[in-house]
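Hi everyone, thanks for making time this morning. Let's get the model up on the screen and walk through a few spots together.

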Amino acid sequence: TPRTLFPYTTLFRSVAYHLNGKPLEAFFPADLETLAKVEVQYVEMPGWETSIDKIEKYEDLPENCRKYVEFIEEFVGVKVGWIGVGPARESMITKAL
(Lines give C-alpha, C1' and ligand atoms only; values in the text may rest on other atoms or scores of the structure.)
Protein backbone atom coordinates (compact mmCIF):
# COMPACT_ATOMS: atom_id res chain seq x y z
CA THR A 1 0.00 0.00 0.00
CA PRO A 2 1.15 3.58 -0.50
CA ARG A 3 1.28 4.13 3.28
CA THR A 4 4.31 1.83 3.53
CA LEU A 5 6.16 3.82 0.86
CA PHE A 6 6.49 7.02 2.93
CA PRO A 7 8.96 8.82 3.31
CA TYR A 8 10.98 7.62 0.33
CA THR A 9 12.15 10.25 -2.13
CA THR A 10 12.51 7.63 -4.87
CA LEU A 11 10.54 4.42 -5.46
CA PHE A 12 11.77 1.46 -7.47
CA ARG A 13 8.98 -0.69 -8.88
CA SER A 14 9.84 -4.05 -10.38
CA VAL A 15 8.22 -4.48 -13.78
CA ALA A 16 9.90 -7.58 -15.22
CA TYR A 17 12.12 -10.52 -14.35
CA HIS A 18 14.66 -12.15 -16.69
CA LEU A 19 16.65 -15.37 -16.54
CA ASN A 20 19.49 -15.82 -19.03
CA GLY A 21 18.22 -12.83 -20.98
CA LYS A 22 14.70 -14.26 -21.38
CA PRO A 23 11.63 -12.88 -19.61
CA LEU A 24 10.03 -14.94 -16.84
CA GLU A 25 6.30 -14.70 -17.31
CA ALA A 26 4.61 -17.70 -15.76
CA PHE A 27 6.85 -18.91 -12.93
CA PHE A 28 9.74 -18.20 -10.62
CA PRO A 29 12.57 -20.70 -10.27
CA ALA A 30 12.04 -23.03 -7.32
CA ASP A 31 15.70 -23.51 -6.45
CA LEU A 32 17.82 -20.78 -4.87
CA GLU A 33 20.78 -21.22 -7.20
CA THR A 34 18.67 -20.45 -10.27
CA LEU A 35 16.69 -17.77 -8.46
CA ALA A 36 19.96 -15.95 -7.65
CA LYS A 37 20.54 -15.55 -11.40
CA VAL A 38 17.24 -13.77 -12.00
CA GLU A 39 17.64 -10.14 -13.07
CA VAL A 40 15.02 -7.61 -12.07
CA GLN A 41 13.98 -4.71 -14.29
CA TYR A 42 12.87 -1.64 -12.34
CA VAL A 43 11.04 1.58 -13.09
CA GLU A 44 12.20 4.53 -10.98
CA MET A 45 9.47 6.86 -9.74
CA PRO A 46 9.51 9.94 -7.50
CA GLY A 47 8.21 9.27 -4.00
CA TRP A 48 6.63 11.57 -1.44
CA GLU A 49 7.84 12.85 1.90
CA THR A 50 4.48 13.66 3.43
CA SER A 51 2.50 11.37 5.69
CA ILE A 52 -0.81 10.30 4.13
CA ASP A 53 -2.36 8.64 7.20
CA LYS A 54 -4.83 11.49 7.81
CA ILE A 55 -5.95 11.82 4.19
CA GLU A 56 -9.56 10.90 3.50
CA LYS A 57 -9.95 11.62 -0.24
CA TYR A 58 -7.96 10.36 -3.20
CA GLU A 59 -7.71 13.87 -4.62
CA ASP A 60 -5.89 15.00 -1.46
CA LEU A 61 -3.06 12.46 -1.78
CA PRO A 62 0.33 13.88 -2.80
CA GLU A 63 0.67 14.09 -6.57
CA ASN A 64 3.43 11.46 -6.71
CA CYS A 65 1.33 9.08 -4.62
CA ARG A 66 -1.56 9.44 -7.09
CA LYS A 67 0.87 8.89 -9.97
CA TYR A 68 2.10 5.70 -8.27
CA VAL A 69 -1.47 4.39 -7.93
CA GLU A 70 -2.17 5.24 -11.57
CA PHE A 71 1.05 3.48 -12.64
CA ILE A 72 -0.08 0.32 -10.81
CA GLU A 73 -3.49 0.53 -12.49
CA GLU A 74 -1.94 0.84 -15.94
CA PHE A 75 0.71 -1.82 -15.31
CA VAL A 76 -1.69 -4.52 -14.07
CA GLY A 77 -4.67 -3.40 -16.16
CA VAL A 78 -7.04 -3.16 -13.20
CA LYS A 79 -8.48 -0.05 -11.57
CA VAL A 80 -7.69 0.49 -7.87
CA GLY A 81 -10.78 1.06 -5.76
CA TRP A 82 -9.32 1.14 -2.24
CA ILE A 83 -6.05 2.55 -0.97
CA GLY A 84 -4.56 1.92 2.47
CA VAL A 85 -3.26 5.14 3.97
CA GLY A 86 -2.51 4.02 7.53
CA PRO A 87 -2.19 1.02 9.84
CA ALA A 88 -5.75 1.07 11.18
CA ARG A 89 -8.45 -1.04 9.58
CA GLU A 90 -10.48 2.07 8.81
CA SER A 91 -7.47 3.82 7.23
CA MET A 92 -8.76 3.24 3.72
CA ILE A 93 -9.84 5.68 1.10
CA THR A 94 -11.83 4.92 -2.00
CA LYS A 95 -11.03 5.91 -5.54
CA ALA A 96 -13.73 6.28 -8.14
CA LEU A 97 -13.58 3.48 -10.69
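Before we start, a word on terms: buried means under 20% relative accessible area, exposed means over 50%, and partly exposed is what lies in between, with a 1.4 Å probe and protein chains only. Please keep in mind that this is a predicted model, where local features need pLDDT of at least 70, side-chain atom pairs count only at pLDDT 80 or more, and totals for chains, interfaces and linings use all residues. Residues are numbered from 1 along each chain as its sequence is written, and side-chain values use heavy atoms, leaving out hydrogens and water.

Let's begin with N20. With a relative accessible area of 66%, N20 is exposed. You'll find N20 in the loop between β1 (10-19) and β2 (22-23); helices (H or I, at least four residues) and strands (E, at least two) are DSSP runs, numbered from the N terminus. Its phi is near 55°, a positive value in a residue other than glycine.

Now over to helix α2, residues 63-76, where E73 is found. Is E73 buried or exposed? E73 counts as buried, at 6% relative accessibility. Beyond its neighbours within four places in sequence, E73 is in contact (heavy atoms within 4.5 Å) with V78, K79, V80 and K95.

Finally, the largest nonpolar core: a set of buried Ala, Val, Leu, Ile, Met, Phe, Trp, Tyr and Cys residues joined through side-chain atoms within 4.5 Å. This core has 17 residues, and I52, L61 and I83 touch the most other members. β1 and α2 each supply at least two of its residues, with the largest share, five residues, coming from α2. As for L61, its contacts outside four places in sequence include I52, I83 and I93.
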